Amino acid sequence: MRTVDLVGLTQALVDIDSTTGAEAMLCRWLSGYLRELGFDVVEQPVDGARFNIVATVGPPEVVLSTHVDCVPPYFPCRLDGDRIYGRGACDAKGILAAQIAAVEQLRRQGESRVGLLFVVGEERGSDGARAANAATIGSRFLVDGEPTDGRLASATRGMLRVRLHAAGRAAHSSSPELGESAIDRLVDAIVQLRGIPLPRDPSMGPTTYTIGLISGGVAPNVVSPSAVAEVMFRTVSDAGHVRRAIGALEAHVRIEPVHEVPLARMMTLPGFESAVFPFTTDVPFLANWGQPLLYGPGSIHAAHTDDESITVAELSAAVDGYVRIAAHLLSRARAADVSEPR
């Protein structure tokens with residue numbers, strides 16, 4: 001049985017550009033690599049040439065999963081001492097390599113009940129996870145991989161993304177009284193948003209938001225006929241509470257829903273530090289793959305940055321962490337089978 005070169009595999013994965021929507025080349029390479037390791041590989045179609053990968057050596061009770069796509073811009077791998085740089089090194093190709101290495105270690109110990117699921121599209125809408133959720137393989141536990149600094153997540157926030165559309169009437173800027181400024185209306189809505197009470201949670205804290213994009217107007221000497229802002233809320237409750245709270249903004253703007261991810265609460269295990277994380281994952285869209293856990297090496301603060309990186313020590317520790325998590329979950333599955341035969 002071939003031993004996984006953890007550093008070499010991470011470098012090979014990072015050196016294939018797989019920004020969201022362009023994952024097909026990496027998936028083809030990865031599918032072939034896993035077959036060479038002796039896995040049974042199923043390619044789940046998502047759209048066009050894009051597909052998810054399911055790799056097993058037996059019927060899995062536990063599945064380790066992460067995503068193959070990355071945010072732009074792509075930049076290749078470089079190794080500097082113990083640190084691996086490159087797009088996806090932290091989020092989540094180093095994690096992917098650690099998961100493969102962990103399953104290979106378990107195989108060498110004679111364990112065949114741990115599988116792998118690698119999905120496309122996590123960074124832009126989780127279309128790969130949604131497709132995977134309709135094609136499950138009977139696993140009891142799903143261990144999703146994201147940068148959690150080697151801690152198990154007890155919960156992750158949800159996300160609600162909306163566009164605020166303001167409409168006005170164009171006029172010459174020398175006679176502003178003849179027009180209506182959409183930008184002024186949008187600014188009024190944004191100022192009002194600052195004062196709207198939003199939900200809080202005892203463990204996750206307050207709902208936060210970011211106005212990430214804003215645009216409007218046609219020229220400096222024209223009263224603006226339109227303006228748009230995109231707002232992303234990191235939710236700590238049902239998103240409906242936020243939607244109702246911001247309904248007051250409709251006095252100034254039209255609110256267009258764009259995307260929503262529910263918050264997730266997950267199981268933790270003894271012997272692992274746990275924490276709440278403010279980001280979203282594929283977990284809410286993979287409910288049919290079993291009871292979820294979230295764990296991975298690296299810091300979310302390194303993800304998506306211009307110098308994204310992860311250390312070899314973090315990856316090595318994660319291999320051990322995934323092995324320990326899988327062993328604990330398999331022990332639980334055995335205990336459940338004894339007390340309540342399937």
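Colleague: Is Cys90 buried or exposed?

Modeller: The model is predicted: local features require pLDDT of at least 70 and side-chain atom pairs pLDDT 80 or more, while totals for chains, interfaces and linings use all residues. Residues are numbered from 1 along each chain as its sequence is written, and side-chain values use heavy atoms, without hydrogens and water. A residue is buried under 20% relative accessible area, exposed over 50% and partly exposed in between, using a 1.4 Å probe and protein chains only. Because its relative accessibility is 0%, Cys90 counts as buried.

Colleague: How many disulfides does the count come to?

Modeller: A disulfide is a pair of cysteine sulfur atoms within 2.5 Å. The sulfur of Cys27 has its closest cysteine sulfur in Cys70, 11 Å away, and is therefore too far for a bond. Cys90 is in no disulfide either, with the nearest cysteine sulfur, that of Cys70, at 10 Å. By this rule the count is 0.

Colleague: What is omega for the cis peptide bond from Asp91 to Ala92?

Modeller: Ala92 belongs to helix H3, residues 89-108. For the cis bond that joins Asp91 to Ala92, omega is near 10 degrees.

Colleague: Is Asp149 buried, exposed or partly exposed?

Modeller: Asp149 sits in the loop between strand E7 (141-144) and strand E8 (152-156). Its phi is positive, near 55 degrees, in a residue other than glycine. Since its relative accessible area is 41%, Asp149 is partly exposed.

Colleague: Which residues form a nonpolar patch on the surface?

Modeller: Patches take residues with over 30% relative accessible area and no salt bridge, joining like charges within 9 Å and nonpolar side chains (Val, Leu, Ile, Met, Phe, Trp, Tyr) within 5 Å. A salt bridge is a side-chain nitrogen of Lys or Arg within 4 Å of a carboxyl oxygen of Asp or Glu; accessible areas follow the Shrake-Rupley method with a 1.4 Å probe, and for residues only the protein chains shown count as cover. Val187, in helix H5 (residues 182-194), is partly exposed at 42% relative accessible area. With about 230 Å² of accessible area together, the patch is formed by Ile183, Val187 and Val191.

Conventions. Helix = DSSP H or I, 4+ residues; strand = E, 2+ residues; numbered from the N terminus.
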